Amino acid sequence: MENQAIIEAEGLTKKYGHQIAVKNLNLQIREGEVFGFLGPNGAGKTTTLLMFLGLTEPTSGKVRVIGFDPTRDPFHVKEKIGYLPENVGFYDDMDARQNLQYIARLNRIPDKISSGRIDESLKVVDLLEEVGKKVGTYSKGMRQRLGIAEVLIKEPQLIFLDEPTIGLDPDGTNRMLDLIHSLSREKNITIFLSSHLLDQVQRICDRVGIMIKGDLVAMGPIEELAKKKLGVDKEHYTLEEIYMKYFKEA
Amino acid sequence: MRGIFTIFRKEMEDHFSSIRFLLISALIVMVGVIIASMVGMGIQEESKGMAKPTFLFLWLFTSTGKLFSFVQFIGFFGPLIGIFLGFDSINRERVSRTLSKLLSQPIYRDAVINAKFLAGAAVIAIVLVAIVLIISGLGIRLIGVVPGSEEVLRLAIYLIASILYISFWLGISILFSVIFRSTATSALASLAVWIFFSFFISLGAGFLADAMAPIGQSGAGMDPTLVVKHEQVQRTISLLSPMTLYSDATTTILDPMRKTTQALVLMGPLERLSLSRFQSPLPLLQSLFIVTPHLVSLVAITFLCFGICYLVFMRQEIRTV
C-alpha cells in the first residue's frame, strides 16, 4: 500500500499485576482504512485502545499514533484523534449543543469556529432537529450518534470506536454503520473499530485483527483470512466461521 | 493549565444552576438573617440610652442571642455546605460515563480535580461573603453602628478562616467521591466524618481525659495539677477536630476581649475580680498571634486533604475510571 502507517505498535504489552492483558502486540494501521478489531469480551481490546490513546501506560513495547508517542506526547495524540468509548456518557441536563461546545472548549477550539463545526457535525449524524433537547431525553441510538458528532468537532484524522453499535436496534445499527462507512469514504478518516459483532464488522471493515486472551492471533483482509483458514475453494464464508475457528484453536 | 478554566467555568455554571446550591444558600441566608435580626434587636433594646460599647458591631456575629450565634452556626453547619458541594463531583462523572471521555480530551488529568476543587471553593467564598455582607447591612440598619476598620479586618480574617474551613470539608467530600463509585456511599462517608468530628470527638476527649486524669464529680478537695492535666488532655484531643480549630480561632478573632483560645478553668471569685481589672480589648495583631497556630493548622489540613485526594485521583487506573 502507498499509504503510510497511522498507528504502529511494536511488542506492546500491558500487565495488570500478574495478569497479562495485552501480550506482545505488533500492529500497523494504514491511513484511510477501516480496521476491525475483534475478540471476545475481556480479550484486551479496550486496554489496547487505551494504550493507543495514552490513557494507560504500556508495561513494555513501543507505540506511535499519528507519529507521536501517546504516553510522552498525549496532547498531540488527543487533539488529533477521536475516541468514542463504549456506552459514551453525556451531561444529561445540557442539550446537544452545550455538550459539544464543552468538548470543543476543552480542545481549545475557539467558539467562533466551533459553532460552525457543531452544526456541521450534528447535520452529519442527523441530529440537527433534536439539538435543543436535553441529552437525557435521547434514545440510545441518538446518544451514540451524538457521540460520533462529538468526535467529529475535533476534525480528527483517526477515530477509535469501542463497540459503537452495541445495544442499538436494527435501524440504529444500520444508520451507525452507514455513518461510519461514509466517514471513511467521504472524509478519509481512519477508523479503528473494536467490536465482537462479526457480521457488522464484515460489512464495513477493510481489514480485521482478531485478539484472543491478549494475543493478536490473526490480522489481514477478511478474504485472505478466509483463504488461510477455510480453504480457497469455499465461496460463501462468513467472518463468524473464521473467527470461531481461531477461537477454538486458541 | 490546560483545560482548567473551561472545567472551572462549567462547574461554576453547574453549581449556580443546581437546586442544591439554591437550597444551601436559601438556608444560610434564612438562618443568618434570623440570627442577625434577633441579635440586632436585642442590642437595640439593651443599649438604649447607654454609650455604645466598643466592637459592638462584631456582636452581630458572635452574640448567641436566643439559640446560637452566626459563628457557631457556620462552625456547625458549614461542613455540610462543603460536603453538599463536593460529595458527587468525581463519581457522578464516573457513573454517567463522562469521566473517561473528559480525560481523552487534550487536557491535563489534574485539571479535572483542581478545577472542581477551585469551583467549589469559589462558590463557598461567594456564599460566605454574600451572607456576611447581608448581615452587616442588616446590622447597620438595626443597631445604627458602622463597623470600624479594625472590625472590618477582623471580619475579613474570619471570612478567610471560614472559607478554608469549609474548603477542608469540600476536600474531604471530593476525596470520598474519588474513592467510592457510588454517590450515596461518598455522601454517607463524608457525613460520618462530619458527625464523628462534631459529636464523638468531644465525647472521646472527655472519656480519655477522665481515664488519664481522673477527677471526681464533686470538685471538693481536688488536686489542681490533676485538674489542669485533665483539661490539657481534653483540649489536645479535641484540637484534632477541625471544628474545634475553627471555632476557637474564629471566636477569638471576632471577640477582642478574649485573651486566649482556651477556656479558663477554676474561676474563683477572687480570680474573676483580678481578671476584670484587665478588661480591655486586645489589639488585632495580638488576637492574630493567638490564633495563628489554629489558622496554620486549618490551612495545613485543607491542603493535606486536597493533596491526598489529588494523589488518589492521579494514580487511579483509567480502567477503573
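I take a salt bridge to be a side-chain nitrogen of Lys or Arg within 4 Å of a carboxyl oxygen of Asp or Glu. The model is predicted, so I note the record's limits: local features need pLDDT of at least 70, side-chain atom pairs count only at pLDDT 80 or more, and totals for chains, interfaces and linings use all residues. Residues are numbered from 1 along each chain as written, chains are lettered from A and ligands numbered from 1 in the order written, and side-chain values use heavy atoms, without hydrogens and water.

**Entry 1: the interface**

I looked up the salt bridge rule across chain B and chain A, and it finds 1 there. A:Glu150 and B:Lys101 form this bridge through their side chains, at 3.0 Å from N to O. I also looked up polar contacts, meaning pairs of N or O atoms within 3.5 Å; within protein, one atom must be able to donate a hydrogen and the other to accept it, and residues adjacent in sequence count only if both atoms are side-chain atoms. The interface has 7 residue pairs of this kind, both residues at pLDDT 80 or more.

Next I asked which elements of chain B give two or more residues to the side touching chain A. They are α1 (4-17) and α6 (99-103) of chain B. Helices here are DSSP runs of H or I with at least four residues, strands are runs of E with at least two, and numbering starts at the N terminus. I sorted that side of chain B by residue type: 7 nonpolar, 7 polar and 8 charged. Ala, Val, Leu, Ile, Met, Phe, Trp, Tyr, Cys and Pro count as nonpolar, Asp, Glu, Lys and Arg as charged, and the others, Gly among them, as polar.

**Entry 2: the sheet of chain A**

I then turned to chain A, where 6 strands form an open, mixed sheet in the order β5-β6-β7-β3-β8-β9. Two strands pair if DSSP finds at least two bridges between them. The edge strands of chain A are β5 (81-84) and β9 (215-221), each pairing on one side only. Strand β8 (residues 207-212) of chain A runs antiparallel to β9(A), with 6 bridges joining them. I picked out one residue: A:Ile210 has A:Ala218 in β9(A) as its bridge partner.

**Entry 3: a link within chain A**

I counted salt bridges over all chains and got 19. One joins A:Glu163 to A:Lys45, with the closest N and O atoms 3.3 Å apart. A:Glu163 lies in the loop between β6 (158-162) and α6 (170-187) of chain A, and A:Lys45 in helix α1 (residues 45-53) of chain A. The two residues are 118 residues apart, so I record a link between distant parts of the chain.
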